Amino acid sequence: MSLWYAICDALPLDILHWNFMKNAFLAVLLMTPLFGLMSTMIVTGKMSFFSDALGHSAFTGIAIGAIFGIASPTWVAVAFSAFFALLFSYVRHRSNQAADTLIGVFSSTAVALGIFIATFNGNSFTKYNKYLIGDILSVTPGEIGILGLILLAVVIFWVLFSNKMSLSSIHPQLASSRGVSVGITQAVFTTAIAIVVTLAISWVGLLILNSLMVLPGATSRNIAKNLKQYHLFSVVFALISGIAGLVLSYFLGVSAGASISLVMALFFAISFLFRKVGR
Amino acid sequence: MNIGSHGGSCGHSCCLRIEDLGVKIGNETILEKINLHAHCGELVALIGPNGAGKSTLIKSILGQQDYTGVISFSVPGQRNRKMKIGYVPQSPVFDPGDPVSVADLFCCCMSKRPVFLGASKKMRQTILECLSRVHGEDLINKRIGTLSGGELQRVLLALALEPIPNILILDEPLSGVDVEGMESLMEMLDEIRRDYDLSILMTTHDFGMLDRYADQVVLIDRGIICQGSPKDVLESKAFHAVFHRKGGGV
């Protein structure tokens with residue numbers, strides 16, 4: 001981290017004067033490409049609502065962790081989200097209900113359970129507020145290390161599995177006729193989303209987390225002509241929005257997560273105007 | 001009914017053999033007593049009303065469905081040859097906004113290099129060679145959601161022909177394709193089976209083309225109820241009984 005601090009100090013930017021801003025800046029540089037990458041597959045796989053539901057289940061996991069007095073409830077939340085994600089996949093494959101109905105069922109149950117546990121025995125809900133709004137400025141060097149490792153893991157995962165995942169979402173039957181285990185591929189990706197969403201919740205907040213999971217991919221989809229452009233644009237949009245949002249939040253004194261989301265939304269609006277039409 | 005009476009005997013040509021195949025899902029019998037031989041170079045059309053079990057039979061051959069009975073493939077002079085299957089799924093409707101090009105689709109299926117890096121020069125060359133088999137080189141950069149029904153079928157066909165299979169299976173290749181497209185697709189299939197000596201198994205609801213292109217037509221309704229040359233089957237009592245009773249695209 002000291003190397004990073006030295007680099008920041010060498011830059012003639014007032015905004016990077018405080019250590020918490022240096023931390024937040026590095027976290028944004030690691031987190032936004034991660035969201036950009038995941039977003040491509042979430043949008044292609046029509047999983048936007050699903051990743052939202054996972055955010056809710058992460059909150060429940062955090063409440064469970066807190067009630068049992070576990071020092072860092074995040075890991076309980078990760079385990080709960082992964083369990084929730086796999087349970088959802090299992091039920092979806094065996095139910096004749098539409099996916100959005102099932103997401104509604106799971107999402108509302110998770111939130112209800114989370115609030116139930118959090119307020120059990122007359123406890124106050126206030127201490128959970130930080131998970132709703134999130135605060136990237138509170139990110140610690142240790143957490144940045146974890147973020148870096150997750151980014152590395154997701155990039156490796158992408159290099160190894162993006163062909164199979166893309167084919168599975170483009171045409172599941174064709175994928176399975178070419179030897180791709182569609183069910184396993186989807187379950188692994190689902191678990192990956194669960195882990196990323198849950199870890200990011202304390203920095204970005206449950207209420208706006210999903211916009212970061214959906215907007216980069218949705219923006220890129222408006223203008224990309226092939227999968228290479230789709231991935232590239234999504235990661236670049238996410239990165240630029242992250243930096244611009246953080247700077248904006250510094251000068252306006254607003255939540256960083258919210259301003260990053262709004263910059264992304266602005267990019268979406270612009271890309272919509274330039275969207276590809278027909279061939 | 002004489003089974004496998006077309007396209008030469010099993011002794012002289014490679015052959016896909018389906019013997020006494022049955023499929024049960026729960027307590028319901030979906031297929032029973034299916035016996036079918038498809039020789040190399042032969043085009044076999046599977047016809048039948050909706051829900052007759054055509055798709056289940058295809059899934060069984062693809063190994064995606066549990067079944068009883070035997071599915072085997074033999075080549076004269078070679079024992080236990082593993083059959084390579086090329087599969088063209090029923091034409092899906094892609095979202096015109098999908099940022100997936102034809103080249104991307106090939107890369108996902110054929111390349112180990114991650115698709116988000118784009119196709120290598122060598123891969124692009126291979127894709128062009130594959131597309132040339134269906135006269136579709138100009139489609140390589142098009143997005144799959146913008147292809148017409150006929151173009152999409154050709155792309156999926158080119159994909160199924162790499163590597164060249166022993167058996168080519170097509171699920172309703174003529175649905176969603178205009179008359180001109182149908183003609184050129186059947187013409188192409190005819191050319192492919194002769195050039196590569198492979199057998200083609202296709203399901204269809206369009207009977208107009210069968211007389212000219214199919215060697216064998218198999219009418220399925222849970223079991224095989226009629227089998228033979230297109231003329232024999234299309235003029236059979238069984239054919240009229242099935243399609244006039246249930247109404248299935250005549």
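Predicted model: local features only at pLDDT ≥ 70, side-chain atom pairs only at ≥ 80, totals over all residues.
Colleague: Why is F94(B) called partly exposed?

Modeller: Count its neighbours. F94(B) has 17 other C-beta atoms within 10 Å. Buried needs 20 or more, and exposed needs 12 or fewer. The count of 17 falls in between, so F94(B) is partly exposed.

Colleague: Where does F94(B) lie?

Modeller: F94(B) is in a loop of chain B, between strand 5 (85-88) and helix 2 (102-110).

Colleague: What is F94(B) in contact with, leaving aside its neighbours within four places in sequence?

Modeller: I144(B) and G145(B). For each, the C-beta atoms lie within 7 Å, so the pair is in contact. R143(B) is 49 residues from F94(B) in sequence. In space, 9.6 Å separate their C-alpha atoms.

Colleague: What makes helix 4 of chain B largely enclosed?

Modeller: Of its 12 residues, 10 are buried, so the rest of the structure largely encloses helix 4. Among the buried ones are L152(B), V155(B) and L159(B).

Colleague: Which elements do those buried residues pack against?

Modeller: Strand 5, helix 2, helix 3 (121-132), strand 6 (167-171) and helix 5 (179-196), all in chain B. Helix 4 of chain B lies across strand 5 and strand 6. Its angle to strand 5 is about 165 degrees.

Colleague: How do you know that the span of helix 4 of chain B is close to the expected one?

Modeller: Helix 4 covers residues 149-160. From its first C-alpha to its last it reaches 17 Å. At 1.5 Å a residue, 16 Å is expected. The two values are close.

Colleague: What makes strand 5 and strand 9 of chain B edge strands?

Modeller: Look at the strand order. Six strands of chain B form an open sheet, 5-6-7-3-8-9, with mixed pairing. Strand 5 and strand 9 each have a single partner strand, so one side of each has no neighbour in the sheet. On average, neighbouring strands of this sheet are turned by 20 degrees against each other, direction ignored.

Colleague: How do you know that strand 5 and strand 6 of chain B pair?

Modeller: Pairing takes at least two bridges. Four bridges join these strands, so they pair, and they run parallel. Y87(B) stands opposite I169(B) in strand 6.

Colleague: Why do strand 8 and strand 9 of chain B count as paired?

Modeller: They share five bridges, and at least two are needed, so they pair. The sense is antiparallel. The hairpin has one residue between the strands. There R222(B) takes a positive phi near 75 degrees.

Colleague: What is the strand order in the open sheet of three strands?

Modeller: The order is 2-1-4 in chain B, with antiparallel pairing. Strand 2 (28-39) and strand 4 (68-74) each have a single partner strand, so they stand at the edges. The twist averages 10 degrees from one strand to the next.

Colleague: How do you know that strand 1 and strand 4 of chain B pair?

Modeller: Six bridges link them, and two would be enough, so they pair. R17(B) stands opposite S72(B) in strand 4. Helix 1 (residues 54-62) of chain B packs on this sheet, touching strand 1, strand 2 and strand 4.

Colleague: How many residues does each chain bring to the contact between chain A and chain B?

Modeller: Chain A brings 24 residues and chain B brings 24. Helix 7 of chain A gives the most to its side, with seven residues. The chain A side divides into eight nonpolar, 11 polar and five charged residues.

Methods
Residues numbered from 1 in each chain as written. Chains lettered and ligands numbered in written order. Contact = placed C-beta atoms within 7 Å. Expected span 1.5 Å × (residues − 1). Nonpolar A, V, L, I, M, F, W, Y, C, P; charged D, E, K, R; others polar. Axes fitted to C-alpha atoms, helices over the stretch in contact; angles between N-to-C directions.
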